[in-house]
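Colleague: Before I use this model, I would like to go through the labels attached to it. For each one, tell me what it rests on.

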Amino acid sequence: MHVIARVLAAAYVALAVFAAFVFVQASVNLVNVTEVTLRMEDSAAVTAVEIVWSENVSEAAEVRVFVNVTNPGRVAIEVIALEFVLHMNDTSDPRPWYNEEKRDATEIGSGGFSERRGQGTVVPPGETRSLEGAVSVVPNTVRMTRLAKPDADGRYHPVVWDPWIAYTFVDFDVTSTRMYFAPFHEQEGVLPSG
Amino acid sequence: MAKGRLSGLRRWALVLVWIVLGALTIAGFFIAAFFGAFSPIEVGDPGAVILLVPILTGFLLGILLTDEEIVVAAGAGVLTAVLSIAFVGLFLMSPVLAGVARATQPFAAFLSSRIVLSTIVLFPLVVVGSVIGRGIGDLFLPSPRVKQQLEEIREETRRWHEALDRLEHRSRDEVQLPEPKPPEQRKG
């Protein structure tokens, strides 16, 4: 082999070794990202709803929704958005809380947050983080009328409908994924605080 | 006989090694450019990498196969392209192979579309690169073995020419043409 060809052969081998490293690492990354994407389905849930209100319809109220997100994979994720539609179940109406017509009549409004990439909530592998989204209700509005629907015991039964989060990966610049999770109905009822 | 066979096997094994290394290079950089989000390195311009790396790798492969016939270089280019596409397929299949995902119909459709795209992009570039590399290598970087073979061929040709010259001289010396007779004078 010509001496220049020998030098080129060495460069060829070095290039191949480097490319092999890239190949293996990229494959591992793809496996990790796919794993999170496929296992995220059951990893988010509404855990509680808190009503900060004096129960006086002439005063503003805030409904806070708490969502737990668990990272089921081996790479960190970043939750950049949470969104849901808040309803207040009117227990005097015998239709179930998930009835479409009833939901139309009990909708208060949508809530949540949206952050830029890098400013969201990072969830390390295997860990759980609690997210909070809020809906503000001002006095003398239809929303306030719909909020003020306690049951006979003075408890409120909020419904969190169509909740979803958008997450991306801390170490990989992939398009964010939107993930819907189960709606929530406060069966026991919640007492307002504040 | 056995020595010749062993040397032949070694030659083909080396060709195979160059093919595998070339395929790894092409697949690694293709993945880094085309699936940049998963790559540990950042390539500047993905388009340039996708176009240049297969040509460059094919070119180097051609130079490394200067000792072989040009058909071998072209064949090696084809094999390198096929193997690199297989590596790209392996990368895309990695979640299924790792048991993380299931091979569904949409996934198969996605996989085949990506493989077809890789084939269209990689195949001609690698083959053209290897043939050009082989030609350039032949012109400027012949190995000592090839040089020696050429010298031997030249020497043999020279010997043949000399032998032919000698033959020509000898036949000229041996075949004597009869002297032309003077015209006869008539008596009377």
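Colleague: What makes strand 1 of chain A and strand 2 of chain A a pair?

Modeller: In this predicted model, eight bridges join strand 1 to strand 2 (residues 61-70) of chain A.

Colleague: Why are strand 1 and strand 6 of chain A said to stand at the edges?

Modeller: The open sheet has three strands in the order 1-2-6, with antiparallel pairing. Strand 1 (44-52) and strand 6 (128-137) of chain A each have a single partner strand, so one side of each has no neighbour in the sheet. Ignoring direction, neighbouring strands here are turned by 20° against each other on average.

Colleague: How do you know that helix 1 of chain B is roughly antiparallel to helix 2 of chain B?

Modeller: The axes of these two helices of chain B cross at roughly 170° and come within 9 Å. Angles over 145 degrees count as roughly antiparallel, and therefore helix 1 of chain B is roughly antiparallel to helix 2 of chain B.

Colleague: Which residues make that contact, and how do they divide into nonpolar, polar and charged?

Modeller: Helix 1 of chain B contributes residues including B:Trp18, B:Gly22, B:Phe29 and B:Phe34. From helix 2 of chain B come, among them, B:Pro46, B:Val49, B:Val53 and B:Leu64. The contact residues divide into 13 nonpolar, three polar and no charged.

Colleague: What makes up the contact between chain A and chain B?

Modeller: Chain B gives 29 residues and chain A gives 27 residues. On the side of chain B that touches chain A, two or more residues come from each of helix 1 (2-34), helix 2 (46-64) and helix 3 (70-97) of chain B. Helix 1 of chain B supplies the largest share, eight residues. That side of chain B divides into 22 nonpolar, seven polar and no charged residues.

Colleague: Which residues of the largest nonpolar core touch the most other members?

Modeller: Of its 81 residues, these are A:Phe23, B:Ala27, B:Phe30 and B:Ile31. Helix 1 of chain B gives the most to this core, with 14 residues.

Colleague: What does B:Phe30 touch, not counting residues up to four places away in sequence?

Modeller: B:Phe30 touches B:Ile50, B:Ser84, B:Val88, B:Ser118 and B:Leu122 on that count. B:Ile50 is also one of the residues of helix 2 of chain B in the contact with helix 1 of chain B.

Methods
Residues numbered from 1 in each chain as written. Chains lettered and ligands numbered in written order. Predicted model: local features only at pLDDT ≥ 70, side-chain atom pairs only at ≥ 80, totals over all residues. Contact = placed C-beta atoms within 7 Å. Helix = DSSP H or I, 4+ residues; strand = E, 2+ residues; numbered from the N terminus. Nonpolar A, V, L, I, M, F, W, Y, C, P; charged D, E, K, R; others polar. Axes fitted to C-alpha atoms, helices over the stretch in contact; angles between N-to-C directions. Parallel < 35°, antiparallel > 145°, perpendicular 65-115°, else oblique. Pairing = 2+ DSSP bridges. Core = buried A, V, L, I, M, F, W, Y, C linked by C-beta atoms within 7 Å. Buried ≥ 20, exposed ≤ 12 C-beta atoms within 10 Å, placed from the backbone.
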